[in-house]
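Colleague: I would like to learn how to read a fold from its contacts, its sheet and its core. Could you take me through the features one at a time?

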Amino acid sequence: MPNRQIRALFSDETIRVYQAFNDAIADSALSHKTFQSPPFKLERMTWIKPSFLWMMYRAGWGLKDSGQNRILAIDITRKGFEWALENSVLSHDYKKYADKEEWQRVKKSTPVRIQWDPERDFHFNPLDHRSIQIGLSNQAVEKYVNEWIVAIEDITPLAAKMHSHIQLGNLQAANHLLPKEQPYPLSNKLTNHLSCENC
(Lines give C-alpha, C1' and ligand atoms only; values in the text may rest on other atoms or scores of the structure.)
Protein backbone atom coordinates (compact mmCIF):
# COMPACT_ATOMS: atom_id res chain seq x y z
CA MET A 1 0.00 0.00 0.00
CA PRO A 2 1.37 3.46 -0.89
CA ASN A 3 2.53 5.56 2.05
CA ARG A 4 0.31 8.48 1.04
CA GLN A 5 -2.97 7.63 -0.64
CA ILE A 6 -6.50 8.98 -0.35
CA ARG A 7 -8.84 6.14 0.60
CA ALA A 8 -12.55 6.84 0.95
CA LEU A 9 -16.12 5.82 0.31
CA PHE A 10 -17.14 7.42 -2.97
CA SER A 11 -19.52 7.14 -5.91
CA ASP A 12 -19.39 8.61 -9.39
CA GLU A 13 -20.63 11.94 -8.02
CA THR A 14 -19.80 12.13 -4.29
CA ILE A 15 -17.16 11.31 -1.70
CA ARG A 16 -17.76 10.78 2.03
CA VAL A 17 -15.86 12.77 4.64
CA TYR A 18 -16.20 12.83 8.41
CA GLN A 19 -16.35 15.49 11.10
CA ALA A 20 -17.14 15.49 14.82
CA PHE A 21 -19.04 18.25 16.62
CA ASN A 22 -21.02 19.08 19.73
CA ASP A 23 -24.77 18.48 19.92
CA ALA A 24 -25.75 22.01 18.87
CA ILE A 25 -23.76 22.00 15.63
CA ALA A 26 -24.68 18.41 14.78
CA ASP A 27 -28.41 18.91 15.36
CA SER A 28 -28.40 22.12 13.32
CA ALA A 29 -26.53 20.47 10.44
CA LEU A 30 -28.87 17.50 10.36
CA SER A 31 -31.91 19.77 10.46
CA HIS A 32 -30.71 22.15 7.72
CA LYS A 33 -28.83 19.50 5.67
CA THR A 34 -25.77 21.73 5.81
CA PHE A 35 -23.91 23.79 8.40
CA GLN A 36 -25.53 27.00 9.61
CA SER A 37 -23.81 29.92 11.33
CA PRO A 38 -24.46 30.04 14.22
CA PRO A 39 -23.73 27.58 15.78
CA PHE A 40 -21.17 26.56 13.12
CA LYS A 41 -18.41 29.16 12.78
CA LEU A 42 -17.67 30.00 9.16
CA GLU A 43 -14.63 32.08 10.09
CA ARG A 44 -12.77 29.11 11.62
CA MET A 45 -10.83 26.46 9.73
CA THR A 46 -12.82 23.23 9.63
CA TRP A 47 -11.15 19.87 9.00
CA ILE A 48 -12.70 17.11 6.90
CA LYS A 49 -11.38 13.56 6.91
CA PRO A 50 -12.11 10.81 4.36
CA SER A 51 -10.75 8.11 6.71
CA PHE A 52 -13.34 6.64 9.08
CA LEU A 53 -10.77 5.20 11.49
CA TRP A 54 -8.76 8.41 11.64
CA MET A 55 -11.97 10.22 12.57
CA MET A 56 -12.61 7.63 15.29
CA TYR A 57 -9.08 8.16 16.58
CA ARG A 58 -9.48 11.94 16.59
CA ALA A 59 -12.83 11.84 18.39
CA GLY A 60 -12.21 8.76 20.54
CA TRP A 61 -15.29 7.00 19.12
CA GLY A 62 -17.29 10.10 20.11
CA LEU A 63 -16.22 9.80 23.76
CA LYS A 64 -13.18 12.09 23.81
CA ASP A 65 -14.99 15.27 24.81
CA SER A 66 -18.36 17.02 24.51
CA GLY A 67 -17.12 19.06 21.56
CA GLN A 68 -16.71 15.89 19.47
CA ASN A 69 -19.44 13.63 20.83
CA ARG A 70 -21.43 13.56 17.58
CA ILE A 71 -19.79 12.09 14.51
CA LEU A 72 -21.18 13.06 11.13
CA ALA A 73 -20.67 11.45 7.73
CA ILE A 74 -20.93 14.13 5.06
CA ASP A 75 -21.28 13.30 1.38
CA ILE A 76 -19.87 16.08 -0.77
CA THR A 77 -19.46 16.46 -4.50
CA ARG A 78 -16.30 15.06 -6.00
CA LYS A 79 -16.01 18.30 -7.96
CA GLY A 80 -15.89 20.27 -4.70
CA PHE A 81 -13.50 17.81 -3.08
CA GLU A 82 -11.10 18.08 -5.98
CA TRP A 83 -11.40 21.90 -5.98
CA ALA A 84 -10.22 21.76 -2.37
CA LEU A 85 -7.24 19.61 -3.29
CA GLU A 86 -6.34 21.85 -6.23
CA ASN A 87 -6.46 24.97 -4.03
CA SER A 88 -4.43 23.54 -1.16
CA VAL A 89 -1.00 23.82 0.38
CA LEU A 90 0.75 21.11 2.39
CA SER A 91 1.09 22.08 6.04
CA HIS A 92 4.72 21.04 6.43
CA ASP A 93 6.09 21.34 2.91
CA TYR A 94 8.12 24.54 3.27
CA LYS A 95 11.08 23.05 1.34
CA LYS A 96 9.24 23.78 -1.93
CA TYR A 97 9.61 27.51 -1.31
CA ALA A 98 12.52 29.93 -1.27
CA ASP A 99 12.28 30.40 2.50
CA LYS A 100 9.85 30.02 5.37
CA GLU A 101 8.59 33.58 4.93
CA GLU A 102 7.43 32.80 1.39
CA TRP A 103 5.88 29.56 2.63
CA GLN A 104 3.96 31.47 5.34
CA ARG A 105 2.68 33.94 2.73
CA VAL A 106 1.48 31.08 0.53
CA LYS A 107 -0.26 29.41 3.47
CA LYS A 108 -2.07 32.59 4.43
CA SER A 109 -3.34 33.16 0.88
CA THR A 110 -4.37 29.53 0.24
CA PRO A 111 -7.86 28.50 1.44
CA VAL A 112 -7.10 24.80 2.02
CA ARG A 113 -4.49 23.11 4.20
CA ILE A 114 -3.40 19.48 3.73
CA GLN A 115 -1.91 17.21 6.37
CA TRP A 116 -0.86 13.58 6.04
CA ASP A 117 -1.11 11.75 9.37
CA PRO A 118 -0.52 8.09 10.23
CA GLU A 119 -3.61 5.96 9.69
CA ARG A 120 -4.86 4.08 12.78
CA ASP A 121 -6.07 0.58 13.53
CA PHE A 122 -9.03 -0.35 15.77
CA HIS A 123 -6.90 0.27 18.88
CA PHE A 124 -5.61 3.59 17.47
CA ASN A 125 -2.09 2.26 16.94
CA PRO A 126 -0.35 4.15 14.10
CA LEU A 127 0.03 2.27 10.83
CA ASP A 128 2.76 2.60 8.22
CA HIS A 129 0.59 4.42 5.70
CA ARG A 130 -0.95 7.86 6.08
CA SER A 131 -4.39 9.41 5.73
CA ILE A 132 -5.23 12.85 4.43
CA GLN A 133 -6.76 15.59 6.57
CA ILE A 134 -8.15 18.62 4.72
CA GLY A 135 -8.51 21.96 6.46
CA LEU A 136 -10.98 24.38 4.87
CA SER A 137 -10.88 28.14 5.49
CA ASN A 138 -12.28 31.35 3.98
CA GLN A 139 -13.86 30.73 0.55
CA ALA A 140 -13.35 26.96 0.90
CA VAL A 141 -15.62 26.87 3.98
CA GLU A 142 -18.26 28.93 2.16
CA LYS A 143 -18.16 26.58 -0.83
CA TYR A 144 -18.31 23.57 1.48
CA VAL A 145 -21.48 24.63 3.29
CA ASN A 146 -23.23 26.34 0.35
CA GLU A 147 -22.26 24.22 -2.68
CA TRP A 148 -20.61 20.90 -1.94
CA ILE A 149 -22.71 19.13 0.69
CA VAL A 150 -25.15 16.58 -0.70
CA ALA A 151 -26.13 14.66 2.45
CA ILE A 152 -25.33 14.49 6.16
CA GLU A 153 -25.77 11.43 8.37
CA ASP A 154 -25.25 11.01 12.11
CA ILE A 155 -23.07 7.92 12.51
CA THR A 156 -22.52 8.25 16.27
CA PRO A 157 -24.54 5.03 16.88
CA LEU A 158 -22.31 3.16 14.43
CA ALA A 159 -19.21 4.41 16.23
CA ALA A 160 -20.64 3.31 19.59
CA LYS A 161 -21.51 -0.16 18.25
CA MET A 162 -18.05 -0.66 16.77
CA HIS A 163 -16.39 0.56 19.96
CA SER A 164 -18.44 -1.92 21.97
CA HIS A 165 -17.33 -4.79 19.73
CA ILE A 166 -13.68 -3.74 20.06
CA GLN A 167 -13.91 -3.52 23.84
CA LEU A 168 -15.26 -7.07 23.88
CA GLY A 169 -12.46 -8.24 21.62
CA ASN A 170 -14.83 -9.01 18.76
CA LEU A 171 -12.72 -7.49 16.00
CA GLN A 172 -14.40 -9.56 13.29
CA ALA A 173 -17.76 -7.96 14.09
CA ALA A 174 -16.16 -4.50 14.19
CA ASN A 175 -14.46 -5.12 10.86
CA HIS A 176 -17.79 -6.16 9.34
CA LEU A 177 -19.15 -2.68 10.19
CA LEU A 178 -16.08 -0.81 8.96
CA PRO A 179 -16.76 1.28 5.84
CA LYS A 180 -15.03 -0.29 2.84
CA GLU A 181 -12.82 2.56 1.71
CA GLN A 182 -11.13 2.36 -1.69
CA PRO A 183 -8.24 4.30 -3.27
CA TYR A 184 -9.57 7.56 -4.68
CA PRO A 185 -8.48 8.24 -8.27
CA LEU A 186 -6.53 11.44 -8.82
CA SER A 187 -5.11 13.10 -11.90
CA ASN A 188 -1.33 13.11 -12.30
CA LYS A 189 -1.37 16.84 -11.61
CA LEU A 190 -3.14 16.40 -8.27
CA THR A 191 -0.99 13.40 -7.38
CA ASN A 192 2.13 15.50 -7.83
CA HIS A 193 0.61 18.46 -6.01
CA LEU A 194 -0.19 16.32 -2.97
CA SER A 195 3.09 14.38 -3.17
CA CYS A 196 1.12 11.15 -3.26
CA GLU A 197 2.51 7.81 -4.31
CA ASN A 198 0.42 5.91 -6.86
CA CYS A 199 -2.79 7.72 -5.81
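This is a predicted model: local features need pLDDT of at least 70, side-chain atom pairs count only at pLDDT 80 or more; totals for chains, interfaces and linings use all residues.

Colleague: Where is the place of Thr-110, and does it count as buried or exposed?

Modeller: Thr-110 sits in the loop that lies between α4 (100–109) and β6 (112–120). A residue is called buried when its relative accessible area is under 20%, and Thr-110 counts as buried because its relative accessibility is 13%.

Colleague: Turning to the sheet, what is the order of its four strands?

Modeller: The four strands form an open sheet in the order β3-β7-β6-β5, and their pairing is mixed. At the edges stand β3 (46–48) and β5 (88–90), and since each has a single partner strand, one side of each is left without a neighbour in the sheet. From one strand to the next, the twist averages 40°.

Colleague: How many bridges join β3 to β7?

Modeller: Three bridges join them, and β3 and β7 (residues 126–136) run antiparallel; within this pair, Trp-47 stands opposite Gly-135 of β7.

Colleague: Which strands does α5 lie across, and which of the residues in α5 are buried?

Modeller: Helix α5 lies across β3, β6 and β7, and runs at about 85° to β7. Within α5 (residues 139–148), the buried residues are Ala-140, Val-141, Tyr-144, Val-145 and Trp-148. These five buried residues are on the same side of α5 because they cover an arc of only 125° around the axis. The exposed residues Asn-146 and Glu-147 are carried on the face of α5 that is turned away from its buried side.

Colleague: How many residues does the largest nonpolar core have, and which of them have the most contacts inside it?

Modeller: The largest nonpolar core has 36 residues, and those with the most contacts inside it are Phe-35, Ile-76, Leu-85, Ile-134, Leu-136 and Tyr-144. Elements giving two or more residues to this core include β4 (70–77), α3 (78–86) and β8 (149–154), while α5 gives the most, with five residues.

Colleague: With which residues is Leu-136 in contact?

Modeller: Leaving aside neighbours within four places in sequence, the contacts of Leu-136 include Met-45, Ile-48, Ala-84 and Val-112, and also Val-141, Tyr-144 and Trp-148.

Conventions: Residues are numbered from 1 along each chain as its sequence is written. Side-chain values use heavy atoms; hydrogens and water are left out. Buried means under 20% relative accessible area, exposed over 50%, partly exposed in between (1.4 Å probe, protein chains only). The arc is that of the directions from the helix axis to the C-beta atoms. Two strands pair if DSSP finds at least two bridges between them. Axes are lines fitted to C-alpha atoms, for helices over the stretch in contact, and angles run from 0 to 180 degrees between N-to-C directions. Contact means heavy atoms within 4.5 Å. A nonpolar core is a set of buried Ala, Val, Leu, Ile, Met, Phe, Trp, Tyr and Cys residues joined through side-chain atoms within 4.5 Å.
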